[in-house]
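The entries follow in the order in which I looked things up.

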Amino acid sequence: MAGPVQSSDRPHIPVLLRPLLAAVAPVQGVWADGTFGAGGYARGLLAAGADLVVGIDRDPLVFDMARDWAGDYGDRLRLEQGTFSNLDQLAGEPLDGVVLDLGVSSMQLDLAERGFSFMKDGPLDMRMSQSGPSAADIVNTASEAELADILFQYGEERASRRIARAIVAARARQPFETTRQLVEVIETCLSRSKPGQSHPATRSFQAIRIAVNDEFGQLIAGLEAAERALKPGGKLAVVTFHSMEDRVVKRFLQARASAGGGGSRYAPQAAEDIPAFRLTPKKAIGPDAQELDDNPRARSARLRVATRTEAPAEATDRKKLGLPGLALKGLM
Ligand SMILES: C[S@@+](CC[C@H](N)C(=O)[O-])C[C@H]1O[C@@H](n2cnc3c(N)ncnc32)[C@H](O)[C@@H]1O
């Protein structure tokens, strides 16, 4: 379990780590942790027997936070700043396992100055890598139709058009700079949440964060990079936090674990018809009662695990993956 970290008011509790380690056992050889964060998964893999973990994160701040403890593992832990879409290149060698724990970390959410949270006032930023266009850039410059598309496709926000119209009207008076400004505009478009319901800004903040960080583009490229990097018998374990992400992972694995049209007596099986993965297990794993008790944030987490075969790696047909419309059109 990850210990308390600096610059956050809550410790990060790794989600679904116990079932993940059980599903990929025995852990040995070289692993990539494509979403290093507070290092909870990396430490779990090292304790379970990995010889080397390559810890990758696009957020430069996570490596400052790991400085206190990373040295304890000597050359068994190598840290790389970059995106998991390049994990094969960053690892630089064939892998026995890849783990991806998608989304933002609790440290990112808890730091007001990162701008991920509608609960804390801060700059409207949301960039995990701290580079490229910020949430404020998108909110201040995208057209009304583009904003509505982002809110609908990435946040499943039914009031997407109303909110987009209100954003465009508000930014004509004063450009957006802070999370509070955006929350206030969204609140004028939606009724107050009832007890037990999520805050009205939840879906819009998720949608804008996904657009800022191109999270679906990263996810597909990351799954393909894992397929390229894994040795036969290597394990891929992916933890998602919302149903759109889980759908993409599920469809990717189903597509890559099914044998296409197969061969026949007259047409031998083509390389692309041989499955690249086996689903191990077949279904997604969720948190058990104990984990939900310890960490209510784990409620919507789903883990999928697959084992690489000897089939050659390939690009995927994106149309089959259940990607939200925007990601499919490659607009952002
Ligand atoms: C949910 S946290 C991971 C927590 C980690 N498993 C742990 O136990 O501490 C997700 C992390 O992945 C990083 N991340 C998200 N998308 C990424 C990407 N495309 N490439 C590299 N890192 C990414 C985020 O910056 C964040 O630190």
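I began with Glu215 and Arg209, whose side chains meet in a salt bridge with N and O 2.8 Å apart. The model is a predicted one, and I read the distances below with that in mind. For burial I applied the cut-off of under 20% relative accessible area: Glu215 has 11% and is therefore buried, and Arg209, at 13%, is buried as well.

I then asked how many salt bridges a search of the whole structure finds. The search returned 13, and I looked at two others besides the pair above.

One of them joins the side chains of Asp59 and Arg114, again with 2.8 Å from N to O. I noted that this pair links distant parts of the chain, 55 residues apart, with Asp59 in the loop between strand E2 (52–57) and helix H3 (61–70), and Arg114 in the loop between helix H5 (106–110) and helix H6 (135–141). Asp59 and Arg114 are both buried.

The other is formed by Glu144 and Arg165, where the closest N and O atoms are 4.0 Å apart. Because Glu144 belongs to helix H7 (residues 144–155) and Arg165 to helix H8 (residues 160–173), the pair ties together parts that lie 21 residues apart in sequence. I found Glu144 partly exposed, at 34% relative accessible area, and Arg165 also partly exposed, at 48%.

Next I looked up Asp88, which sits in helix H4 (residues 87–91) and is buried, its relative accessible area being 17%. Leaving aside residues up to four places away in sequence, I listed Glu93, Ala225, Arg228 and Ala229 as what Asp88 touches.

Val185, in helix H9 (residues 179–189), is likewise buried, with a relative accessible area of 11%. With the same exclusion of residues up to four places away in sequence, Val185 touches Ala166, Ile167, Ala170 and Phe176.

A backbone N or O atom of Ala38 lies 2.9 Å from a ligand oxygen, and one of Gly39 lies 3.2 Å from an oxygen atom of the ligand, while a polar side-chain atom of Asp101 is 2.7 Å from a ligand nitrogen.

Notes
Residues numbered from 1 in each chain as written. Predicted model: local features only at pLDDT ≥ 70, side-chain atom pairs only at ≥ 80, totals over all residues. Heavy atoms only, no water. Polar contact = N/O pair within 3.5 Å; in protein donor to acceptor, adjacent residues only side chain to side chain. Helix = DSSP H or I, 4+ residues; strand = E, 2+ residues; numbered from the N terminus. Buried < 20%, exposed > 50% of the residue type's maximum accessible area, 1.4 Å probe, protein only. Contact = heavy atoms within 4.5 Å.
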